[in-house]
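Me: I would like to learn how to read a protein structure, one feature at a time. Where do we start?

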Amino acid sequence: MNPLKKAYCRIFQNIFKFALPLLPYRNPKIIGSVKGIPEVLEKRDYNNVLIITDAGIRSLGLTERLEQTLKRSCISYHIYDKTVANPTTVNVDEALHMYLDNDCQAIIGFGGGSSMDCAKATAARIAKPHQSLAQMKGILKIHKKLPLLIAIPTTAGTGSETTLAAVITDAQTRHKYAINDFPLIPRYAVLDPRLP
Ligand SMILES: NC(=O)c1ccc[n+]([C@@H]2O[C@H](COP(=O)([O-])OP(=O)(O)OC[C@H]3O[C@@H](n4cnc5c(N)ncnc54)[C@H](O)[C@@H]3O)[C@@H](O)[C@H]2O)c1
């Protein structure tokens, strides 16, 4: 590695190491069942949400209990279920349009890391409509409040329901990159043992 670049990296790492305790990390509030979601939405007077998931999860009927729960509480929902493994910029664009076209008020990311990251990146695009995802690549490029984001993991391991990252793949170049900023940490994580 170029010595100048190496020095820059070391300085950057050390500054971050000391700044770490001062950074605004927060934990998502944990909900133990999808049945707790209407209360969170009703508290904010929200009655129209976008669920972002993938076709496999949908075909297994995993979203069914959430859908029934929302219906019982008279909360409208729209479902974007075209998320692919390693979600792409096209996925995020499509989900964004579904959110805007239907005047949704919150996003529920339902699935593995791919669906949750697609939901997080969609929320980032809503908060920053004039910036592309590529421009948000890296660290601390969002610094804006996102719409309410609820993550419902159905796989174990990525931890995306708690992290400040969204990993996205450029649909054209296939370049995969991470967007990292504190607003990307979901407000709520639903850890429902009946889901996975
Ligand atoms: N944001 C982060 O902090 C973070 C961290 C690590 C990885 N990631 C990203 O997460 C993605 C990978 O996520 P993943 O490994 O959870 O897989 P995934 O979300 O890509 O899902 C893989 C497959 O599992 C299926 N699936 C999901 N839940 C299921 C269930 N309960 N039962 C049966 N099938 C189910 C899905 O339909 C899909 O076909 C990658 O894009 C990676 O870059 C993000």
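This is a predicted model: local features need pLDDT of at least 70, side-chain atom pairs count only at pLDDT 80 or more; totals for chains, interfaces and linings use all residues.

Me: How many bridges join S7 to S8, and do they run parallel or antiparallel?

Reply: The general idea comes first. Strands of a sheet pair through backbone hydrogen bonds, either parallel or antiparallel. In this case S7 and S8 run antiparallel and are joined by five bridges. As an example of residues facing each other, Thr169 stands opposite Lys176 in S8.

Me: Which strand is joined to S8 by two bridges?

Reply: That is strand S5, residues 138-139, which runs parallel to strand S8, residues 176-180. Gly138 has Ile179 in S8 as its bridge partner, and Ile139 stands opposite Asn180 in S8.

Me: In what order do these three strands lie in the sheet?

Reply: The order is S5-S8-S7, in an open sheet with mixed pairing. S5 and S7 stand at the edges with a single partner strand each, so one side of each has no neighbour in the sheet.

Me: What is the strand order in the open sheet of six strands?

Reply: Read across, the six strands come in the order S1-S9-S6-S4-S2-S3, and the pairing is parallel. The edge strands, each pairing on one side only, are S1 (29-31) and S3 (76-80). Neighbouring strands of this sheet are turned by 25° against each other on average, with direction ignored.

Me: How many bridges are there between S6 and S9?

Reply: There are two bridges between strand S6, residues 148-153, and strand S9, residues 188-190, and the pair is parallel. Within this region Ala151 stands opposite Ala189 in S9.

Me: Which strands does helix H4 lie across?

Reply: Look for a helix whose atoms touch the strands, then compare directions. H4, residues 64-72, lies across S2 (48-52), S3, S4 (106-111) and S6, and runs at about 155° to S3. Helix H6, residues 113-127, also packs on the sheet, touching S2, S4 and S6. The direction of H6 makes about 160° with that of S4.

Me: Now the ligand. How many residues surround the ligand, and which are the closest?

Reply: The ligand is surrounded by 21 residues, and the closest are Asp54, Ser114, Thr154, Thr155 and Thr163. By type, the shell divides into eight nonpolar, 10 polar and three charged residues.

Me: Which element gives the largest share of the shell around the ligand?

Reply: H6 does, with three residues. The elements giving two or more residues to the shell are helix H3 (55-59), H6 and strand S7 (165-169).

Me: What distances separate polar side-chain atoms of Ser114 and Asp117 from atoms of the ligand?

Reply: For Ser114, a polar side-chain atom lies 2.6 Å from an oxygen atom of the ligand. For Asp117, a polar side-chain atom lies 2.9 Å from a nitrogen atom of the ligand. An N or O atom in the side chain of Thr155 is also 2.6 Å from a ligand oxygen atom.

Me: How much of the accessible area of the ligand does the protein cover?

Reply: On its own the ligand has 890 Å² of accessible area, and the protein covers 67% of that.

Definitions and conventions. Residues are numbered from 1 along each chain as its sequence is written. Side-chain values use heavy atoms; hydrogens and water are left out. Two strands pair if DSSP finds at least two bridges between them. Helices (H or I, at least four residues) and strands (E, at least two) are DSSP runs, numbered from the N terminus. Axes are lines fitted to C-alpha atoms, for helices over the stretch in contact, and angles run from 0 to 180 degrees between N-to-C directions. Contact means heavy atoms within 4.5 Å. A residue is near a molecule or strand if one of its heavy atoms lies within 4 Å of it. A polar contact is a pair of N or O atoms within 3.5 Å; within protein, one must be able to donate a hydrogen and the other to accept it, and residues adjacent in sequence count only if both atoms are side-chain atoms. Accessible areas come from the Shrake-Rupley method with a 1.4 Å probe; for residues, only the protein chains shown count as cover. Ala, Val, Leu, Ile, Met, Phe, Trp, Tyr, Cys and Pro count as nonpolar, Asp, Glu, Lys and Arg as charged, and the others, Gly among them, as polar.
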